[in-house]
Amino acid sequence: MSQTKVAPKEVGKPAKNFDVGSWLIPIIAVLVAMALAAILIKLQGSNPITAYKSLFKTAFGSAAGIGATLGKSTPLVLSGLAVAVGLRAGLFNIGAQGQLLSGALAAAWAGVSFHGLPGYIHIPIALIIGAFFGSIVAGISGFLKAYRGVHEVITTIMLNSIVMGIADYLASHPLREPDQFLTRTSEIQASAKMPVYAHLPLGFFIAVALAAVIWWILGRTTSGFRIETVGRNRHAAWYAGISVKRTVISAMLISGAIAGLGGAVETLGITYRYAPAFNLGLGFDGITIALLGRVHPLGIIPGAILIGGMRAGAANMQFDSGVAPELVDLLMALILLLVTAPLITRFFKNSSNKSMTSGWGN
Amino acid sequence: MKLLSKRNSYFLFAILATAFFYSKDGDITTSVYATGAAFALPLALAAMVGIMCERTGIVNIGIEGTMLLSAFVAFFVSSLTQNIIIGLICAIFTGSMMGLILAVMAVSWRMDQIIAGTILNILATGLTSFLYVQGKTIPSVFQAIEVPVLSKIPFFGPVLFIHGALTFIGIAIILALYVAIYHTSWGLRSRAVGEHPSSADTAGVSVARLRYINVTIAGGIGALAGAYLSLELVGSFERGFTAGKGFTALALMIFGRWNPLGALAAALFFGLAQAYANQLMIDQVVNIPTQFTAILPYVMTIVVLTISAGKVRPPAAEGQPYEKGQA
Amino acid sequence: MSALLEVSGVTKRYPGVLANDNVSLTVNAGEVVALLGENGAGKSTLLKAVFGLIKPDSGEIKIGGSPIVFGDTAGVISRGVGMVHQHFQLVPVMTVAENLILGDEPKRGIFINKKAAYDEIIALSKRYGLEVDPDAVIEDLPVGMQQRVEILKALRKDVKLLILDEPTAVLTPQEIDELLVVIRNLANSGVGIVLITHKLHEVMAVADRVVVLRGGKLVGTTSPKETDEAGLAQMMVGRSVVLQVNRTEAKRGGVVLEVKALEVRDDRKILSVKGVDLQLHKGEILGVAGVEGNGQRELVEAICGMRHREAGSVLINGVATKDMHPHAVHEAGISHIPEDREKHGLVSNYTIADNLVLNQFDQAPFAKGWIRDLNEIAKNAIATVEKFDIRTPSAFNTAGSLSGGNKQKVVVARELSEELPVLVAAQPTRGVDVGSIEFIHNQLISARDKGAAVLLVSAELDEILSLSDRIAVMSDGKIVAIVDSKDADRNYIGRLMAGLDK
């Protein structure tokens, strides 16, 4: 075995040959999903080719289009990243939605209420506050999972609805824009608005940078190693001296912070205020995107851009071809269905946590 | 049995509280209870889906999606054909198919059951939002039927015996499921498969087959819960129509300890709590923002799970794919 | 009349192992045949072949005169072969009656006919003299009673041949005596019985014939009349070639690990380590011999902080170690090669490199503060793969891709790398190929020579004999004797293991 010469930098990755097959699955899934959706479009009496052409031309055909696409992609990268971090620790955080909402509202509050700060202070503060609230919401689920054994899927989904209710209340009463008919918060201060450079939103770069940081943390740091080990074999993790409870909670805190940041970026960069029904499907899109990107922090970026493009082009598609923008929701569902079956089975196959599901209360 | 066991004392308390309210204002109490029963039924039926699946060891977190898609199909097929019976039948077929898909993923593909269920939920959300069309109507909802004689009993009559056909079907299913689980071969085998599949297997019971059958039938029951919402209780359909009832149902199932009657009691409690909250707001006794009453069921779901975690005992083989010969 | 079961010349080969080598065996109605052999002797392979679960490479199995078809387990069962599993096939939360009727319920209409079920159960238990309470819930019953239900379950299906797999492993002595009476009665009523066991006392008490398997081979057929327990022990353990281990005299130092009055419960909450005292010295290998299931696993897990210590203490150099905290125990100075390497020893979809530092991932040189030093991890991996001869294309392949022996080498390499004062090796060569066995043995010896105190627990008596400086024999949760390996006689140790010569 002495001939084995492998560059040391490959440690930490399952260093087999680049696995073409496993990256082919997401691509095939997207194509098949689009073909299936095309059939449904046809059945509705519209022309799928026109629809798709319009969709992608709007999304990627111009500098402004690409800017809009990246704007739409930003929260998607972050919610996908949030779900991915959870999955790495063996946790299925399907509550990115609620975490995102609380981040969005908190950032809106910070953006409205703080006066007289320069942008380079106001924006980071608002982002951090958003991330903090997202983190708290997810932390509740993490705590209940670690100390009471309540399954995170149920608690995160219930928290989605709870957060939505509370946020609605706050946006329609205490934080409501004064003397306005619409229930929404006031517009954030100019100093809290995130700048756009030549169509390219700042938020997108923050999201990509964060994805890279998470990738680095998971691959290179002891904390990342703890998360990965708990996700793959919690018996071995316990045996190796890793506190499973603490790791579960911190993974949820990180996951929630990322989702909360996603909401904050959306508020500070796109909507400039919080209104009820704030970007509903975002959190669930995160699940699809995370799985489409093979639960890899960098792998989620192309998926997020693709879906972000679809979201950006959907309205124009309806104008051009009459196909409802909800086509994107359907595509997301189909992609998820197609991509998960083979992928998830693979991702968890080698892990010794036989199943994530082992009762509701143990 | 102890006369004042914990369970009996709950019942006693419920009866006393009801009697007290009834003595204060009979009409309103009756109407609150009738509303509570109407709220409770879809939750109870959805909990039956969970019970049927988990008793055989399959975790079904896709109840929400099953209900959503079936409510959708029930409404739009009824609207298209102008016949609510056809709508109902198509909905039940849809629900059974959702169950079958879950069975394929969980039993044959041995996928993680939580992820499999989540896929169903997202699929249902995607399909219903895409295919949703505004402004459709159905000819009528399932009209309230007054059961002769029984509906004339004060209090109990209006609460229990004036409902639409789907309510009565639902109640019949819940009672039948209770009897079936504890008194038939099917129930015995289902419970054995959920608790200790290898002993069922060695006794000649096909674990995979029973799981397939139960999860598929359960999907049909979930469809009934969804159809009840769109064809009887509300008479319309909106995006996100089921509003988390499928998840609340799982908590009720746990609270009811996987027993159909227990889950029914828990659902009634939930339904009543909501009906009372509504009544209090109508009476302007308290002024709680609507958003807070709306999140009540979700908060209660988390609280119930947190309290019962570790105290209740789920079917032992729940969530685990069964491999023959692992003994 | 043809024999109930006829096994002729069955051979089954697995990669690297000859599990059954030309085994023949006949069981007639009304006789009790004991199938005796150590773990890994090929008993369970033979059993699987009888039930049609595996296909023998050669040979034939006949039941009631006609050959069985591979894959037709149901057919075998329908021809009257019943099995009482070591792990009971009972639903713990259900009643005795429910368990007995499961799969073939008496009915009235669509409902279960409870009265008919009760009548049938009472008649059945009267007929065989096995009393049970139909309403009792299984999990509330003592193990012996559960086993009685399990036997009744088999009898309800009109078995002609009843196979009992290690039926006494979990029973108290009194329950064992009762069971032996039941077995005798069943045989007298015409049922053929195969008793799989490694307990000699039971074999002597109840068997008509004894068939001994060792290393997949049938080494002899005898009867209790022709031999005694010592003779059986010798047949079972055999005089197989003692593995070649070059071992110098131990340079014993002071006591490093001290176990005091340790009591531990097993997974079923039954006390399985019943007050063990051990002193492990620097520079020696202390082997713990014993038939499996006599508390060795629980002893090891308790020492290593993986199982709650009910009473007693574990001290390293006089300092008490923490209960239920494997990593703290490791830090205190115990390396541990765990019995279940897949569960505790490895993260199978991590690289070999990461697995090699699993318990030191946050310590220098593998981490500098918060950041893992991938260069050091890689250097360590490449050096270790070479030093321990781990057969893999690269140190960066996943651990899951390795063979059992190489997986174990990864664990051994990691545990030896720190040169801690104590090494606990539990079944270190189980499921490991011959080449790796020798390598692992040499590693254990060299750890000892470097001054480690080694506690070796193994179900393989040969392994214990060839490696140990002292041998502690464990039986029924107690250390029944500690002998110097120079005075160790295989026969004597076998008798101690079997619970004789107390």
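Two residues count as being in contact here if their C-beta atoms, placed from the backbone, lie within 7 Å. Everything shown comes from a predicted model.

**View 1. Domain 2 of chain C meets domain 3 of chain C.** On one side of this meeting place are 18 residues of domain 2 of chain C, in contact with 13 residues of domain 3 of chain C. If you're looking for the pieces on the domain 2 side, helix 9 (296–303), helix 10 (326–332), strand 21 (422–426) and helix 15 (434–449) of chain C each supply at least two residues. Helix 15 of chain C gives the most to that side, with 5 residues. Sorted by class, the domain 2 side splits into 9 nonpolar, 6 polar and 3 charged residues.

**View 2**

**View 3. Chain B touches chain C.** Here 18 residues of chain B come up against 17 residues of chain C. On the chain B side, helix 8 (185–195) and helix 9 (197–202) are the elements giving two or more residues. Helix 8 of chain B gives the most, with 6 residues. That side of chain B has 6 nonpolar, 9 polar and 3 charged residues.

**View 4. Inside chain B.** Count the elements of chain B and you get 13 helices and 2 strands. Buried residues make up 53% of its 327 residues. Of the chain B contacts between residues at least 6 apart in sequence, 76% join residues at least 24 apart.

Note on methods:
Residues are numbered from 1 along each chain as its sequence is written. Chains are lettered from A and ligands numbered from 1 in the order in which they are written. This is a predicted model: local features need pLDDT of at least 70, side-chain atom pairs count only at pLDDT 80 or more; totals for chains, interfaces and linings use all residues. Helices (H or I, at least four residues) and strands (E, at least two) are DSSP runs, numbered from the N terminus. A residue is buried if 20 or more other C-beta atoms lie within 10 Å of its own, exposed if 12 or fewer, and partly exposed in between; C-beta atoms are placed from the backbone. Ala, Val, Leu, Ile, Met, Phe, Trp, Tyr, Cys and Pro count as nonpolar, Asp, Glu, Lys and Arg as charged, and the others, Gly among them, as polar.
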